[in-house]
Amino acid sequence: MAIKVEHELHERRRGRNMGVGLLLIGFIAIIFGLTVVKVLQLGEAAQFEKFDHVARPQIVPQEGEN
Amino acid sequence: MSDISIQDTEYEANMGDYFALLKPRVMSLVVFTALVGLLVAPVPVHPFIGFVGILCIAVGAGASGALNMWWDADIDQLMKRTAGRPIPAGRVTAGEALAIGLALSGFAIVLLALATNFLAAFLLAFTIFFYAVIYSMWLKRATPQNIVIGGAAGAFPPMIGWAVATGGVSIESVLMFALIFMWTPPHFWALALFVKSDYGNAGVPMLTETHGRDATRKHVIIYTLLLVPVALGLGLTSIGGPVYMAVAVLMNAWFLKGAYDIYRRDDAACEADNHAVEIAVFKVSLYYLFAHFGALLIEAALRQNGIGGW
């Protein structure tokens, strides 16, 4: 007997699966949006540019600066 | 057997059934009052953070609704009003409702803490606990005053909205809480006086059935009298103003007159006009809450433009 890729269950649960999918997309959008807003609220970029494992000469304090 | 067979004879719950677990109508009131609490606060909130805050409060309220339906499934099936809910109607299992309630509670509380602050998240957690445990599990079946204390759960949202913005609790947010808290009993008992309920069959004590309708009428007028100073007092705080005060005076006079009319009636009069007065007062109670919170919103808008307030 051939393997049926589409089971009747898939049809029956289509709405539910779509709903779960949309909820997940919404969740990702919320987390992404929150991240953007929270990071931008930090103000000056130097505050959050320090830990990207790349040398960033522009954030190294100059002599005389504290 | 070459095919997977999974319960293909049973009803498959759809998204609408799960959504119904969250009591969408209650949620809409929660969203409205929480939004007012957030918008009237003196601290501006980034619109997206405000949106996430309100979403978390709404989801938290919905989660407590699902927990309530899980716990009350046995009595829901005995009452006509609730027999069509997803669990008693057999569309969702009690276990699913419990899982959804717990998962959404956790999601809403954690996200609110991360997006806003810990006080707001704590208040939301307490609200869910209060509604699911203190009200549903404990008081609802134990005392006819259930509606009074249970009303606290519905009164928290503006306080949480305020906490989202300010990170604190203040006299304004406490009075917004008190306004809904004191409003709930007369609102609900006006309804109980004209709706033929079957709470008795389900063993849930309701004032109209345990103490009679005359005692309920007395309770309506007493709680309305206690509500008036709270509503007017809110107008004297920093979020009040002349517009709010005018609305409050008008609505309180209207509600108080209705409560007094109810108090003066007896069962014969109620039967004679088919509960016309009780129905009218119930409607007034709905306008009452909407008008107060709407007026707070107007005051906030006026303040932003340099007018309004005291």
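The questions and answers below go through a predicted model, setting computed values against the cut-offs that name them.

Residues are numbered from 1 along each chain as written, with chains lettered from A and ligands numbered from 1 in written order. Because the model is predicted, local features need pLDDT of at least 70 and side-chain atom pairs count only at pLDDT 80 or more, while totals for chains, interfaces and linings use all residues.

Q: Why is I147(B) called buried?
A: A residue is buried if 20 or more other C-beta atoms lie within 10 Å of its own, exposed if 12 or fewer, and partly exposed in between, with C-beta atoms placed from the backbone. I147(B) has 21 such atoms within 10 Å, so it is buried. The residue sits in helix α7 of chain B.

Q: What does I147(B) touch, leaving aside neighbours within four places in sequence?
A: Contact means that the C-beta atoms of two residues, placed from the backbone, lie within 7 Å. I147(B) is in contact with T184(B), P185(B) and F188(B).

Q: Why does R265(B) count as partly exposed?
A: R265(B) has 19 other C-beta atoms within 10 Å, so it is partly exposed. The residue is in the loop between α12 (242–264) and α13 (267–272) of chain B. Not counting residues up to four places away in sequence, R265(B) touches R217(B), C270(B) and V277(B). From A152(B), R265(B) is 113 residues away in sequence and 29 Å away in space, C-alpha to C-alpha.

Q: What makes K80(B) exposed?
A: K80(B) has 10 C-beta neighbours inside 10 Å, so it counts as exposed. Its place is the loop between α4 (73–76) and α5 (94–115) of chain B. K80(B) and P144(B) are 64 residues apart along the chain, and their C-alpha atoms are separated by 20 Å.

Q: What is noted about the phi of K23(B)?
A: Phi of K23(B) is near 50°, a positive value in a residue other than glycine. K23(B) lies in the loop between α1 (15–20) and α2 of chain B. It has 19 C-beta neighbours inside 10 Å and therefore counts as partly exposed.

Q: Is N274(B) buried or exposed?
A: N274(B) has 10 other C-beta atoms within 10 Å, so it is exposed. Phi of N274(B) is near 55°, again positive in a residue other than glycine. The residue is found in the loop between α13 and α14 (276–304) of chain B.

Q: How do the axes of α7 and α8 of chain B cross?
A: Helices are DSSP runs (H or I, at least four residues), as strands are (E, at least two), numbered from the N terminus. Axes are lines fitted to C-alpha atoms, for helices over the stretch in contact, and angles run from 0 to 180 degrees between N-to-C directions. The axes of α7 (residues 146–166) and α8 (residues 171–194) of chain B come within 7 Å and cross at roughly 145°.

Q: Which residue classes make up the contact of α7(B) with α8(B)?
A: Ala, Val, Leu, Ile, Met, Phe, Trp, Tyr, Cys and Pro count as nonpolar, Asp, Glu, Lys and Arg as charged, and the others, Gly among them, as polar. The contact has 14 nonpolar, four polar and one charged residues.

Q: How is chain B divided into domains?
A: Domain bounds come from an automatic or database domain assignment. It gives domain 1 (14–169) and domain 2 (170–310). Their C-alpha centres lie 22 Å apart. The contact takes 27 residues from domain 1 and 28 residues from domain 2 of chain B. On the domain 1 side, α7(B) gives the largest share, ten residues.
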